[in-house]
Amino acid sequence: MNSERLRDAMVARLRKAGISDELVLSAMHAVPRHHFIDEALASRAYEDASLPIGHGQTISQPWIVARMIQTARANRTLTRVLEVGTGCGYQAAVLAGVAQEVYSIERIRGLHDVARDRLRPLRLSRVRLALGDGMLGLPSAAPFDAIVVAAAGMAIPDALSEQLAIGGRLVAPEGTTEQRLILIERTGARNWKRSELESVRFVPLRPGVIW
């Protein structure tokens, strides 16, 4: 597999689809997506498609990863970012290309272990993984300049909005059968602004930890 050529083509498609943040595009190009999926699916790694990663979960399509990160970054310098739903670790690796510190929480022990193993060879010292209930966030590491949620709930948990720094941005899907991408911006100590973006499809956001 010529992953360099395939990543070039993927980034070109992302540009055509409206991803304009050069730092995000550079991060998308730098991360070998095929490294994060099963070998049997490696030939499809750079398609704009979500793919199964086990435990009933998926790796999001490249466009939605880039779209969410671009929206969360908004051309700002990001010091500390939280990802809810580590999955296989791919999005955390991309986030490491745009933020100084990346905290990523996963509720399924099997996926947490897979992500740790797949991230280790990349030596991404900026990424810190946690096993826990993502709906509660990581209050010990808050506040965050950006939060990206990779699963859809009926509503975005208040705990996550509360962990945004003032001026921070949270991007998450919301809904069940019909889902929309939501942007929440914290504008003050007790003030948040909510915007609805495009239709999306994600796995469900669930509480608790599966050991």
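The side chain of Tyr103 makes a polar contact with the side chain of Glu101, at 3.2 Å. By polar contact I mean a pair of N or O atoms within 3.5 Å; within protein, one must be able to donate a hydrogen and the other to accept it, and residues adjacent in sequence count only if both atoms are side-chain atoms.

Some ground rules. This is a predicted model, where local features need pLDDT of at least 70, side-chain atom pairs count only at pLDDT 80 or more, and totals for chains, interfaces and linings use all residues. Residues are numbered from 1 along each chain as its sequence is written, and side-chain values use heavy atoms, with hydrogens and water left out.

Back to Tyr103, which lies in strand S4. Helices (H or I, at least four residues) and strands (E, at least two) are DSSP runs, numbered from the N terminus. At 15% relative accessibility Tyr103 counts as buried; buried is under 20% relative accessible area, exposed over 50%, partly exposed in between, with a 1.4 Å probe and protein chains only. Leaving aside neighbours within four places in sequence, Tyr103 has contacts that include Arg80, Leu82, Arg128, Leu138 and Phe144, contact being heavy atoms within 4.5 Å.

How many aromatic pairs does the structure hold? There are two. Rings of Phe, Tyr and Trp (its six-membered ring) pair if their centres lie within 6.5 Å; planes under 30 degrees apart are stacked, over 60 edge-to-face, and the rest tilted. Phe36 and Tyr90 have ring centres 5.9 Å apart and planes at 70 degrees, so this pair is edge-to-face. Phe36 is in the loop between H2 and strand S1 (51-54) and Tyr90 is in helix H4, so the pair ties together parts 54 residues apart in sequence. Both Phe36 and Tyr90 are buried.

Tyr103 and Phe144 form an edge-to-face pair too, 6.1 Å centre to centre with 65 degrees between the planes. Tyr103 is in S4 (99-106) and Phe144 in strand S6 (144-149), so here the parts tied together are 41 residues apart in sequence. Phe144 has a relative accessible area of 0% and is buried.

Now the cores. A nonpolar core is a set of buried Ala, Val, Leu, Ile, Met, Phe, Trp, Tyr and Cys residues joined through side-chain atoms within 4.5 Å. Which members of the largest one, with its 48 residues, touch the most other members? Met28 and Tyr90 do. H3 gives the most to this core, six residues. A second, separate core of 20 residues includes Phe144, Leu160, Ile184 and Leu205.

Met28 is one of the buried residues of helix H2 (22-30), along with Val24, Leu25, Ala27 and His29. Their cover includes helix H1 (3-16), helix H3 (62-73) and helix H4 (90-95).

Tyr90 also has a charge over its ring: the charged end of Arg33 sits there, 5.7 Å from the ring centre. The criterion is NZ of Lys or CZ of Arg within 6 Å of the ring centre and within 35 degrees of the ring normal.

Arg33 is also among the contacts of Ser60, with Ala49, Ser50, Val65 and Phe202, leaving aside neighbours within four places in sequence. An unreviewed UniProt entry lists Ser60 under "active site"; UniProt positions are in the numbering used here, feature names are shortened, and annotations may be inferred rather than shown by experiment. Ser60 is in the loop between strand S2 (57-59) and H3, and at 16% relative accessibility Ser60 counts as buried.
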